[in-house]
Amino acid sequence: MTGTTKQTKLELVARHIRPFPDFPSKGILFRDIGPVLKDPAALTAVIDLFEEHVRQTHQQVDLIVGLDARGFLFGPLLAQRLGVGFVLVRKKGKLPGPTVSVAYSLEYGTAEVEVQEDSVNPGQKVLLIDDLLATGGTLFAACELMKKQQAEILGCLVVIELKDLSGVNKLKPYNVFSLVQY
């Protein structure tokens with residue numbers, strides 16, 4: 001996709017995000033990234049756009065931190081492009097060995113995310129990545145987890161931002177870069 005403009009890449013990505021009304025429940029408009037993953041040009045455009053942003057915005061990145069589970073789809077590709085490591089943030093109980101966790105509130109109840117305790121060293125510069133920013137709860141919890149690990153959080157990257165849900169406000173003071181906004 002060399003020679004393709006940023007705007008053309010953004011349009012390609014947006015065209016491949018498929019809406020599903022009333023999923024998973026009535027009144028919800030689900031934004032499906034499946035077609036982005038299925039189309040090599042659209043997936044390449046996502047990683048190109050993230051890579052361009054990171055290289056222009058951050059002098060040094062040590063790790064890309066991906067959120068369970070869709071952050072695992074984009075994060076390793078970006079990390080490979082940047083020549084840096086990739087770290088998994090998983091739901092509680094999914095990682096072997098010693099872990100560090102953070103609990104966070106959901107609409108009904110609580111959840112926990114965790115990392116292996118040796119996955120991030122104090123002072124490492126990290127970028128967090130996920131497919132979607134809605135209310136910001138999970139991404140905020142992952143930021144708290146990185147703070148607990150004494151990492152330097154450079155910002156957050158998402159493919160889709162649902163602006164009406166104001167998740168970006170929950171993530172302040174961290175910078176959030178989104179490719180497509182609804």
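Trainee: What are we looking at?
Mentor: This is a predicted model, in which local features need pLDDT of at least 70, side-chain atom pairs count only at pLDDT 80 or more, and totals for chains, interfaces and linings use all residues. Residues are numbered from 1 along each chain as its sequence is written, and side-chain values use heavy atoms, with hydrogens and water left out.

Trainee: Why are helix 3 and helix 4 called oblique?
Mentor: Helix 3 (residues 40-57) and helix 4 (residues 71-82) pack at about 55°, with axes 10 Å apart. Axes are lines fitted to C-alpha atoms over the stretch in contact, and angles run from 0 to 180 degrees between N-to-C directions. Under 35 degrees is roughly parallel, over 145 roughly antiparallel, 65 to 115 roughly perpendicular, and the rest oblique. The pair therefore counts as oblique.

Trainee: Which residues of helix 3 and helix 4 meet?
Mentor: Contact means heavy atoms within 4.5 Å. L43, T44, V46, I47, D48, F50, E51, V54 and R55 of helix 3 meet F74, L77, L78, R81 and L82 of helix 4. By class, that contact has 9 nonpolar, 1 polar and 4 charged residues. Nonpolar covers Ala, Val, Leu, Ile, Met, Phe, Trp, Tyr, Cys and Pro; charged covers Asp, Glu, Lys and Arg; polar covers the others, Gly among them.

Trainee: How do you know where the buried residues of helix 1 lie around the axis?
Mentor: In helix 1 (residues 6-15), K9, L10, L12 and V13 are buried. Their arc, taken from the directions from the helix axis to the C-beta atoms, is only 160°, which puts them on the same side of helix 1. Their cover includes helix 2 (34-38), helix 3, strand 8 (152-161) and strand 9 (176-181).

Trainee: What makes V13 buried?
Mentor: Buried means under 20% relative accessible area, exposed over 50%, and partly exposed in between, with a 1.4 Å probe and protein chains only. V13 has 0%, so V13 is buried. Leaving aside neighbours within four places in sequence, V13 contacts V36, A42, A45, V46, L49, V159 and V180.

Trainee: What makes D22 and Q150 stand out in phi?
Mentor: Most residues other than glycine have a negative phi, and most peptide bonds are trans. D22 has a positive phi of about 60°; Q150 has one near 65°. D22 lies in the loop between strand 1 (18-21) and strand 2 (29-32), and Q150 in the loop between helix 5 (137-148) and strand 8. At 41%, D22 is partly exposed. At 52%, Q150 is exposed.

Trainee: Which residues does N121 contact beyond its sequence neighbours?
Mentor: Leaving aside neighbours within four places, N121 contacts Q149, Q150 and A151. N121 is in the loop between strand 6 (109-116) and strand 7 (125-133). At 43%, N121 counts as partly exposed.

Trainee: Where are cis peptide bonds found?
Mentor: One joins D68 and A69, with omega about 0°. A69 is in the loop between strand 3 (63-67) and helix 4. Another joins K172 and P173, with omega about 15°. P173 lies in the loop between helix 6 (167-170) and strand 9.

Notes. Helices (H or I, at least four residues) and strands (E, at least two) are DSSP runs, numbered from the N terminus.
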